[in-house]
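Here are my notes on how the two parts of this chain meet. Please read them next to the coordinates.

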Amino acid sequence: MEESRKGRRPSRCSQHGDLNCFALPNQGDDSTVPLQLNHVRSQFPSLQEHYDGVPAVFCDSPGGSQMPESVVMAMQEYLGRFMANTGGQFATSIATDEVVAEAHRLAADFMHCAPQEVVFGANMTNLTYLISRSVGRTLSHGDEIIVSELDHEANIAPWLQMAEERNLVVHWARIDRETCTLNLEQLRSLIGRRTRLIALGLASNFSGSVNPVAHIATWARAAGAMVYVDAVHYAPHGLLDVRALDCDFLVTSAYKHFGPHLGVLYGKERHLNRLPAYQVRAHDGSLPGKFEIGTSNFEALAGFCACIQYISSLAAGDPELLISASRRDMIVTAFGLIREHERNLMTRFLEGLRNLAGYRLYGRTAVTDRVPTFALRREGTTPRQLAVHLAERNIFAWDGNFYALAVAEALGVEQSGGVLRIGFAHYNTENEVDTVLEALDSV
Ligand SMILES: Cc1ncc(COP(=O)(O)O)c(C=O)c1O
């Protein structure tokens with residue numbers, strides 16, 4: 001195993017040269033120490049595992065990341081020692097109340113908001129259906145919404161269905177087929193007096209493209225429209241900062257960022273207070289909890305706490321970080337380290353791919369404004385055949401459309417099996433990148 005390369009990077013953020021500075025202004029990119037990759041990897045049981053006698057290369061993280069042992073243990077400990085419902089006067093119930101409160105606090109640190117602005121749910125799709133229903137009740141005939149071709153179905157279908165029920169006008173933000181990125185001029189031209197909501201992703205789970213959400217949010221605000229951000233694919237790779245984005249909602253899914261199956265939503269407090277909730281009569285309608293329906297998945301909340309602690313612990317190797325650093329400071333530093341390492345992985349993969357014959361990459365060919373998710377096709381071979389070829393070499397990767405149906409259709413690959421998706425995470429090594437490139441070369 002290897003350590004990632006050392007080196008302080010200059011700030012990359014020129015006002016218009018790098019769209020990442022619009023997406024998320026503060027990425028914590030100033031760290032001087034690299035990610036401690038050996039230590040990182042030692043914390044993941046699956047990375048020590050052998051499958052048919054061989055260790056696996058996990059390139060499947062866009063579908064769900066691997067989980068550190070501390071998260072597994074936290075869930076086990078909750079189930080074994082503290083199993084109870086909330087609101088009781090006895091020890092296990094009090095402990096459960098504390099798990100719920102701590103999960104809201106840690107999610108607030110993770111997304112940069114207040115604990116009462118956090119809503120937990122089954123997953124991102126459920127939460128988006130829930131919020132879209134509530135938002136829909138405040139909209140009326142002729143109001144307009146914008147959805148994006150680059151998004152996962154979970155940030156399209158709930159809005160389309162809500163729009164049909166409420167007689168709204170739907171506009172589609174289109175992609176540039178060459179770069180697999182949003183066509184920003186076309187998107188801007190859609191925003192008008194009746195625009196009420198723009199639903200878009202922070203990063204595409206198909207092409208890895210990062211959208212300039214903070215910038216688009218300024219257009220939305222000028223028109224009085226809300227912005228609903230799908231951060232599921234971005235969350236394992238970059239810092240979430242709802243204040244910097246100034247979005248109205250942002251949603252993620254913990255199983256994509258080293259946690260359990262749990263949806264996590266940020267909503268501006270004034271929206272969560274004003275929107276009607278589908279809730280039982282016994283609930284007093286206060287935050288947090290107004291949009292958390294029924295008994296929560298407490299073991300997943302315990303695992304979520306451990307997953308945020310795991311992410312912040314990545315900053316511990318940075319001697320420049322004061323002992324008194326806040327949890328948020330540690331998360332900022334941790335994502336600086338993650339991004340630095342992933343930039344190395346992206347550079348290596350993109351350089352290697354250029355030397356492979358017959359492959360087409362759907363997405364940005366440079367490391368800027370992207371995360372390490374790569375959509376590929378190879379002449380004369382189906383994406384399924386590629387995935388099988390990799391699986392035979394214990395390289396785990398997905399093929400298909402990954403529910404990014406609109407992108408696959410726009411690119412004209414839906415009918416022929418979509419693409420092969422190679423997705424790296426911070427626990428992958430440069431040696432693993434080479435292994436994947438060799439396997440792709442040997443098809
Ligand atoms: C970008 C993106 N958005 C939304 C979802 C849906 O998330 P969930 O599985 O939590 O419903 C996924 C899942 O793959 C995704 O990749």
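1. The chain splits into domain 1 (20–67 + 328–441) and domain 2 (72–308). These bounds come from an automatic or database domain assignment. The model is predicted: local features need pLDDT of at least 70, side-chain atom pairs count only at pLDDT 80 or more, and totals for chains, interfaces and linings use all residues. Residues are numbered from 1 along each chain as its sequence is written, and side-chain values use heavy atoms, with hydrogens and water left out.

2. The C-alpha centres of domain 1 and domain 2 lie 24 Å apart. Domain 1 puts 48 residues into the contact and domain 2 puts in 49 (heavy atoms within 4.5 Å).

3. About 3,900 Å² is buried between domain 1 and domain 2. That is accessible area (1.4 Å probe) lost when the two parts are put together, summed over both. Carbon and sulfur atoms give 64% of the buried area.

4. One salt bridge crosses the interface of domain 1 and domain 2 (a side-chain nitrogen of Lys or Arg within 4 Å of a carboxyl oxygen of Asp or Glu). Arg328 and Asp241 meet through their side chains in a salt bridge, at 3.7 Å, N to O.

5. Which element gives the most to the side of domain 1 that touches domain 2? Helix 13 does, with seven residues. Helices (H or I, at least four residues) are DSSP runs, numbered from the N terminus.

6. By class, that side of domain 1 has 27 nonpolar, 13 polar and eight charged residues. Ala, Val, Leu, Ile, Met, Phe, Trp, Tyr, Cys and Pro count as nonpolar, Asp, Glu, Lys and Arg as charged, and the others, Gly among them, as polar.

How values were computed. Helix = DSSP H or I, 4+ residues; strand = E, 2+ residues; numbered from the N terminus.
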